[in-house]
Every structure is written in C-alpha cells, then in structure tokens.
Amino acid sequence: MADINIPIFRQTIDGYNIDLNLQYDSSGFLPLKKSGYYGLNWFMNPAGVITREINSEPDDYYIYDSSQINGFLQAIKLNKTNEEVFAANYNSDNYPALTSSGLRAEMESDKYSFNFFGISGYFYLTNNGIPIVYCDDPNIVVDVSDYQQQPVADLTDCKPLSSGFKITDGKGNVFLFGGQMSSLEISSNLGQEPVDGVVGGNGAPNMTITSWYLKEVLFKDGKRISYTYNDDYGIGEEMNYCKRKNMLPYPANMNAVAFSFDINKYVNQINTSSENSFDGSINGSHVTGSGQSSTWQSPYLSYNVTKKVKLQKINFIDKEVSPGVFDNNYTIEFQYLNTLNDSYRYDYLEKILIKNRYKTVKTVDFNLSPKGSASKRWLLTKLKLNQDEYNFEYYNDGFFPPETTRAVDFWGYWNGKPENNPIIPAYTFSKITGDLTITGDSRNSNPAYSDAGILKKIIYPTKGTTEFIYEPHDFSYKIVRNSTTDFLPQVVGSTGVTSGLRIKKMIDTPNYGNPIIRDFKYLQNRDNPSAGSSGILKSNYDFFTYTEYTQNFNAAQQNIKRIVEQGSNIEQSIFSKQNMEYSKVQEYLNDSLYKEYTFTSSLWYPDYADDLLANTKFYLSNYSNIALENYQKNSKVFFIDNSDRRGKLRDEIFFKDNNEIRHITTEYKTLTFHPYCKNIIKGNNVTNNCNFNTDKDYTTKVNLIKGIWVQKSRIRTMPFVVDVVSDENYLSNGNFVQNTIYNYLDNKTLSVSQIQKNEPGGEVIYKTSYSYPSLPGDSKLVLKNILSTPLKITYELEKWTNTGFVSRETSKVVTEYDNDPANFNPKSISTYDLLTGAATTEITYDKYDSKGNVQQYTSKEGVSTTIIWGYNKTQPIAKIEGAKLSDISQTIIDNIVNASINDGQLGTDASEQSLISALDLFRNNSALSTYQISTYTYDPLIGVRSITPPSGIREVYIYDSANRLKEIRESSQTGNLLKEFKYNYKQ
C-alpha cells in the first residue's frame with residue numbers, strides 16, 4: 001500500500017510517541033467496507049484497541065444449559081494444565097470436557113490482538129488461565145481478571161456485563177482496555193432476511209464483544225491519559241436491537257440510539273448433497289441399499305448490527321489533585337455530524353479540537369462528501385489543520401455498487417459482474433483425488449474495478465501535490481492445498497493477476513521546481529524482469545467441503561459421502577489481512593534505482609500442522625480407520641499460523657547511479673527452550689515466577705473436524721528476535737563490513753542480554769552487556785514490572801592476539817534506585833574503575849517534584865544544577881548551573897512560575913513578554929549573579945518560543961499557521977534571521 005500519513009498531534013511520555021495520524025488504506029475497493037468516521041479507507045488509531053478472532057464460540061460465551069457449548073473461560077475452570085489437555089485421548093464420551101458444574105466448554109482459545117502506542121502483538125488464553133503473549137516487548141503482561149463470562153440470554157437490555165483487560169508494559173506503565181459498554185465494540189448477528197418460509201420477529205439476545213478500546217493509561221510517574229467515549233446506554237425500544245430475529249431493527253428506533261452503529265447485510269448461500277450405501281444383516285436378513293439427498297437455496301441476506309465505539313475526548317492528566325479530581329494538561333476533543341445512509345444514521349467526524357490547559361491551539365476540520373449515484377460512499381475531500389488546507393481527489397467516484405452486491409471476486413473486491421452473479425462459482429470435484437477445480441468465472445478478479453473511490457491525489461497547503469498511480473497485484477507463486485501437496489499448505493510456482501491494488505508510482509510535485517517521481521517494482525530479480533513477480537498469492541477461496549467415511553455396526557457397514565458448498569460476498573479476513581505478500585520490492589527515484597527491500601515471506605515461514613498424523617484421532621469409535629488424506633481433503637484442518645514471522649525486513653540495499661553502495665542484512669531466530677522469569681498479575685496481586693520456558697508457552701487447541709475426527713494442536717508464542725545484522729558498505733578502497741550480533745544469554749529474561757559488534761576483519765569485537773532488574777535485590781522494580789530498563793551496562797573490548805582473543809572490560813555503568821516504594825525515578829548513575837573496582841557517581845538526582853520532573857542534580861565534580869519547571873510543571877523555564885534549589889529564594893521562583901502560568905492561560909504576545917521580563921529579572925537577581933542561567937519560554941503543544949543562554953543572546957522561534965517551525969531569529973521576532981524552514985511538498 002501507499003504510505004499516506006498526515007500528522008495531527010504528537011506528545012511524548014515515558015519514551016512513547018503518542019501520535020494522532022490520519023492514514024489511508026489504498027489496497028482497493030471493497031463494496032462491503034463502510035465509509036467509517038473519517039471517510040472511505042481513511043483511518044486513525046487515536047486510542048489503542050484489543051480485537052479478537054473468534055475460534056468456535058466466543059471465549060466469554062456462557063449459557064446455563066448442559067447440552068450447549070460454553071466458551072473457553074468455562075474450560076479454564078477445569079484447572080487442568082495445557083499438557084493434560086493435550087495428552088487426553090478424546091472420544092464422544094469426553095469431548096468436549098465437562099466442567100465441575102456439568103457445563104460443556106469449547107477447547108480452543110480465541111486470538112486477541114492488541115495495538116497501542118506503537119506496541120502490537122497478540123495473546124491466547126491457556127487452560128491454566130495465564131495468557132501467553134507474542135510481542136516485541138518481551139516483558140508485556142496481560143491480566144484477565146476483569147474478563148468475565150457473558151450470560152447473553154439473561155442480558156435482555158442488550159448491554160453486556162463489564163469486560164476488560166489490563167496490560168502492563170516492561171516499563172511498569174499500565175494500560176486499561178474496555179470496561180463498560182461505551183468502550184466496547186459489540187456485534188449482534190440477527191439471522192437472515194425473512195424469505196422461503198423464514199419468519200421475522202424477536203428472539204433471544206445475540207451479542208458478542210469484538211473489541212476492547214483503551215480506556216486509561218497509568219504511567220509509573222503518576223501521569224495519566226484517559227479516553228472518554230460516547231455514552232452508549234439508552235432506554236426503550238432502541239435497546240432491543242440485539243433481540244431481533246430474522247429482521248433488522250426499525251430505522252426510527254435505531255436512529256435514536258446514543259451509540260454509533262453499522263448495519264451489515266451479507267449475501268450467503270449454502271447447498272448440500274449426500275449419498276450413502278448400506279450393507280449388512282438386520283434381524284438375520286442380508287440388507288443392502290443406497291440413497292441420495294440434496295438441498296439448495298437461493299442466495300439470501302444475513303443481518304448484523306455492530307455497536308461501534310465513538311471517541312469523544314482524550315485527557316492528558318498530570319496528576320490526581322484529590323480523589324476523583326484530575327489536573328488536565330492537554331485535551332483532544334472529537335465532534336461528529338450524522339446523515340442518513342440507506343435509511344439508517346451514519347455518524348462521521350466533523351472536527352478535532354486540540355487544547356492546552358487554557359485554549360485551543362489546533363483545529364482540524366473534516367469535510368466528507370457523498371459520492372456515487374444510487375449507492376453512496378462518503379469520501380474525505382478536504383482537511384483543514386488550522387488554516388492549512390489539504391484537498392483530496394479520487395479515481396472513479398461517480399458510481400458504486402450496493403454493499404450487498406454479488407459482483408465480487410473471491411476476496412470481496414468488486415469485479416463488475418451483473419447483480420445476479422452466482423455467488424458459488426462453477427467447479428468440478430474429484431472424489432478420488434479430492435481435488436477441486438473452479439471452472440466458472442463469476443468470482444474472478446477484475447482489476448479494472450479495483451480503483452473505485454481510491455485516492456488519486458493530495459493537494460497540500462503549499463499547493464504542492466502527490467499523485468498516486470496503482471496497478472493490480474501479480475504473482476509467481478501461490479499457496480495451494482491439493483493432492484500433489486498431500487493437502488498441506490505449500491508454496492508452488494503459479495503466475496497470474498489477482499485482486500486489489502499496489503502502488504506503482506508516486507509523483508511529488510512541489511509548488512516550484514521539478515517533480516520527484518518514485519516508481520515501485522516487485523520483481524524476483526531486478527536484473528532479469530522475465531523471472532517474474534516476487535508476489536505470493538496467500539489465500540485459497542474456501543467454499544467447499546467433502547466428507548467420506550465408513551460407519552461400522554454389528555454385522556453391518558454404512559458408507560457415507562457428503563458435499564457442502566457455501567458462498568458469501570465477504571471474505572472476513574480481508575479487512576485485517578492482505579491476500580498478497582511480496583518477498584522483494586524495488587524503489588526507483590527519478591528512473592534511478594534507489595533501494596531494494598527483501599522481506600521474509602511464506603517461502604521461508606509457511607503455515608504448518610502440529611504433527612497432523614499423530615495428533616488427529618477418531619472422535620467416534622465405530623468409524624473405520626481412514627487414511628490421513630481422506631479427512632484432510634478440503635477439510636477444516638487447523639494449521640499453525642506463522643504470519644508473525646513474515647513481512648519482516650530481511651535485506652535493505654542502497655544504490656547510487658544504479659550501483660550498489662550499501663547492503664544491510666537482518667537475520668532472525670526463534671528463542672526455543674529458553675527459560676525466563678515472568679510476572680503473573682491478577683488484579684492487584686503480582687507474583688514473579690522463574691519456572692517459565694518458551695517451549696512450554698503454548699495453548700492447546702482441540703478441534704472437532706466434521707463431527708468425526710479430533711485434531712489437537714499446540715499454538716505457541718515463542719519470541720522471534722533479531723539475531724545478526726550485517727552492514728556492508730561498498731567503498732572505492734574496498735568493502736567495509738560490520739556485524740552486530742544480538743545474544744539472549746540471561747535465563748531470567750527474554751530481553752537482549754548482549755550486543756556484540758565486530759569490526760571489519762573480525763579482529764576487534766566490542767561487547768555491550770545488559771543486566772535487568774531481578775529478584776531478590778530489585779523487588780520494588782520487579783513487582784512494578786519495570787523489567788525492560790537495564791540497571792547495569794558493561795562494555796568490553798576483545799582483541800585478537802597470537803594466543804587468541806583477549807577480553808577486558810572498558811567501562812561499567814550502574815543505575816541505582818532508592819528504597820522509597822512510591823518513587824520509581826533513578827537516584828544516581830555510577831561508573832566503576834576497572835582496576836580498583838571503586839565506584840564513581842557520575843550524576844546524582846537529588847530532587848524530583850510531584851510530577852517526576854528532576855528539580856536538582858549533582859555532577860561527579862560536585863556541581864549542582866537546579867531546574868525550575870513552569871507552565872504547571874510541564875516545561876523547564878530556567879536552568880541554574882552551580883546552584884542548589886535551597887540556594888534560590890522561593891519568592892523569585894514563584895514570580896517566574898506564576899508568570900509562566902499566566903502566559904499559558906492567555907497565550908498572547910503580551911503575556912509572553914511579561915514572562916520574558918520576569919525571567920530577565922530572575923537572571924539579573926544579584927543573589928544569583930555567580931550562577932550560569934538559561935531561560936526558556938513556550939507555546940504549549942506547539943513548541944519552544946525563546947531560549948536565552950547564559951550569554952544573554954536570545955533565540956526567538958517563530959511558527960506558521962500549521963504550528964510548524966518557520967524561523968529562528970535573534971533577540972526578537974523582527975531580529976536578525978538565523979535560520980529559515982521551508983515546507984514545499986511531502987516526499
């Protein structure tokens with residue numbers, strides 16, 4: 001996809017860049033995709049979210065009925081280990097297992113994916129209730145204490161019980177997701193349209209929580225971020241929407257609800273065909289017979305209502321001044337409009353207001369326009385950031401098909417076929433081999449329709465532009481399952497063109513000067529285009545199952561063959577996963593090769609089965625033993641997903657004048673059989689356990705295939721980490737190669753324990769070793785889950801000699817903390833003499849304020865430096881070198897602090913000048929004449945306005961209407977120009 005990103009807001013807290021960016025998905029037109037809050041294909045992630053992929057039943061599904069299957073939370077009540085569940089020999093008597101209360105439970109966890117603050121990953125529940133996590137931060141801990149079962153049948157007001165998760169990162173910061181209904185996305189399946197004897201009316205409630213949105217962030221230093229969502233709860237008829245059966249809610253009632261929602265209608269069709277033969281003895285008589293049966297139905301609409309989450313406000317909170325009363329530093333507000341779409345209300349974003357404590361510093365206006373004739377899509381046509389205006393143009397936005405069109409290809413992209421297009425394509429099937437061949441073209445892709453409503457051009461505030469030119473995906477490989485691959489997923493050679501779009505060219509045209517043209521190619525071999533594309537078609541359209549088995553009775557035998565074909569106009573996974581991957585991409589700049597990228601792909605890391613032959617057994621004892629391939633043919637056999645190892649940058653090659661000048665290679669490895677310690681957090685209880693091993697980090701999935709076979713699998717979350725980075729530069733006097741090796745040698749952590757850099761020739765090696773908090777000595781940090789911050793860093797040098805490598809330590813740096821259980825700020829940083837072992841304190845942090853800001857520190861020379869924080873303790877306004885805080889009168893401190901608060905409230909040139917005058921009085925105070933003083937003023941949420949060093953020569957910073965730095969001048973806003981910044985176009 002094209003990398004399209006418009007920055008709106010950034011705030012940095014504890015190393016996290018908290019960004020509000022408007023982004024675009026250019027993968028192609030999907031008729032079923034909603035226009036969303038920001039316009040079709042535009043998206044933001046202003047708050048983090050946990051989503052789930054449901055396997056069988058939702059994990060939290062709960063019903064008081066021993067004949068029905070409950071979710072995985074009920075299975076956890078068995079108190080069995082993963083090993084016990086995996087080792088069990090399941091049959092019709094013990095599958096699924098019964099809990100102690102006599103209720104059945106499924107035996108596979110849903111998959112939960114999270115994305116927040118640049119952290120992404122996923123987790124599964126396990127049979128012992130402890131989640132297993134895959135994430136680049138190896139110290140992430142997921143607490144499921146607030147994740148509870150949902151007795152859906154009892155929730156007659158369509159309101160789920162409170163449901164949430166707590167994630168603690170390796171820095172000790174806590175992220176709270178979900179909770180009450182307002183921060184939950186909820187899906188309700190309402191049956192189908194009332195045709196062919198199907199009757200509409202009311203039924204039992206139907207709702208499933210699909211997403212938990214970030215509700216609050218609790219930073220270890222006391223700062224907070226809170227997210228306020230629209231109050232979703234209502235009363236009356238509108239709260240009965242989830243009880244509709246084979247009908248949609250009434251528009252008049254639904255349009256009155258407080259929450260935002262999507263009305264979804266999907267085309268479905270299911271046909272079956274069976275044949276059986278009987279041969280055996282009944283009451284002493286030999287009996288034979290055979291029969292056939294089939295069902296066919298016309299395509300019909302399935303109904304769904306999704307209650308969405310609508311963000312209203314983000315508060316950046318400095319501290320809690322009293323119970324329940326918070327000091328808000330910054331606020332982001334979201335304002336919405338609505339209109340009607342197909343009789344139902346459609347909510348979309350009108351405005352974002354970004355405010356500091358006292359005033360609005362940025363206004364972002366969204367202009368969405370309905371496009372198309374009969375069937376509308378809302379496109380973002382204009383965006384204003386204060387006075388800076390962006391305009392957007394789109395391809396083929398004059399006509400769109402209805403959302404319920406059958407004119408879609410296998411992956412849900414529009415293919416332009418007639419509206420009566422068969423949703424199940426024509427095909428042939430061999431019962432002997434199990435191979436299926438699609439012969440019809442009703443679901444074939446047609447790239448000519450993929451660009452409907454897709455972004456064509458951005459016109460920037462500077463009047464520069466970026467134009468996007470797309471092309472269809474092509475491939476030289478695809479993943480197949482057929483008789484030649486023993487029905488295992490396998491990458492085979494196959495060429496073709498398929499659904500969706502990829503970026504072909506981007507043309508950046510500034511408001512003056514020559515265009516910059518970037519071309520993208522996707523070749524296996526850049527020097528031999530005839531070798532074809534590096535593309536791999538990943539997904540097979542799954543619409544057909546065939547079952548063949550023999551059932552044994554006393555002196556009798558029955559042979560059964562069954563076909564089920566199912567068609568739909570939606571491929572659910574396409575909204576989160578692409579149907580294509582590329583192992584190589586080339587980027588050209590003005591017709592000259594600039595970069596080539598190689599990515600890990602299915603060629604390296606295909607999906608696989610967990611010992612399929614050994615771990616798939618018969619469920620019913622009276623069925624004949626059938627060879628493996630018989631139940632594997634076109635069956636719902638489960639394969640381990642290896643996608644987290646794919647799409648990682650493997651090689652990055654740089655070119656100049658079409659010649660290779662630099663080559664960076666990154667190799668990865670899986671941490672197998674690696675012991676480590678981990679915190680287990682349940683509510684307010686934290687325990688540190690060192691009995692973990694990556695080999696045991698799995699959840700057991702027990703999958704029932706066609707009601708006949710049971711397949712057992714281990715789903716693992718072994719870390720996939722950087723192993724070696726090789727950086728080779730091609731110079732005129734020879735090649736320069738530096739290898740960086742990442743070692744994971746500490747059996748208490750999964751974090752990198754040593755980084756080793758080899759100089760060219762390999763005769764000199766630099767090693768940097770890291771020691772992290774651990775028990776028993778660092779209990780305060782460990783129990784706060786502050787595990788990613790190294791306490792000791794040791795530097796070593798190894799040199800090659802005639803007798804081999806000789807190693808010596810060159811330095812050691814230790815960070816120390818005090819014993820105050822409420823203070824998680826460093827106390828000091830020390831280095832150690834390598835001959836005597838004596839410690840030298842390089843810097844001591846003497847004082848912090850209530851917000852964790854350093855007020856005073858002392859260097860190893862014994863020189864103290866004091867920092868005065870203004871603007872409600874959010875910005876440093878004075879640095880006094882040589883002074884302790886106690887050396888400075890509180891009265892003169894209060895004078896500049898109060899002046900900064902006044903400047904923050906008014907934000908005028910006059911208030912800033914008053915602050916500068918107060919700072920000058922501070923600088924010139926006779927009691928401070930022996931100290932070196934620097935002072936600063938700010939426009940909060942925009943940037944520094946002035947810096948005055950000890951010399952007194954002031955630098956003044958000037959910003960444009962979009963709050964971008966424009967000029968730096970001397971002494972005043974009209975003084976000598978020191979530096980100027982131009983923003984002509986985005987490259």
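Me: How much space lies in the largest cavity?
Reply: This is a predicted model. About 110 Å³ of space lies in its largest cavity. A search of the whole structure finds 7 cavities of 30 Å³ or more.

Me: What makes a residue part of the lining of the largest cavity?
Reply: A lining residue has an atom within 4 Å of a cavity point. For the largest cavity, 15 residues line it. The closest to its centre are I130, P131, V142, I680 and I681.

Me: Which elements give two or more residues to that lining?
Reply: They are β10 (141–143) and β42 (675–682). The largest share, 5 residues, comes from β42.

Me: How many of the lining residues are nonpolar, polar and charged?
Reply: The lining has 9 nonpolar, 3 polar and 3 charged residues.

Me: Why are β40 and β41 called paired?
Reply: Pairing takes at least two bridges between two strands. Here 6 bridges join β40 (residues 649–656) to β41 (residues 659–670). Therefore they count as a pair. The two strands run antiparallel.

Me: What lies between β40 and β41 in their hairpin?
Reply: There are 2 residues between them. D657, in the turn, has a positive phi of about 55°.

Me: How do you know that β41 also pairs with β46?
Reply: β41 and β46 (residues 720–731) are joined by 9 bridges, so they pair. They run antiparallel. The bridge partner of T670 in β46 is F720.

Methods. Residues are numbered from 1 along each chain as its sequence is written. This is a predicted model: local features need pLDDT of at least 70, side-chain atom pairs count only at pLDDT 80 or more; totals for chains, interfaces and linings use all residues. Side-chain values use heavy atoms; hydrogens and water are left out. On a 1 Å grid over the protein atoms alone, a cavity is a set of points where a 1.4 Å probe fits but cannot get out, and a pocket is an open set with protein on both sides within 12 Å along at least five of seven lines; lining residues have an atom within 4 Å of a point. Grid points are joined across faces, edges and corners, and a volume is the space filled by probe spheres set on the points. Helices (H or I, at least four residues) and strands (E, at least two) are DSSP runs, numbered from the N terminus. Ala, Val, Leu, Ile, Met, Phe, Trp, Tyr, Cys and Pro count as nonpolar, Asp, Glu, Lys and Arg as charged, and the others, Gly among them, as polar.
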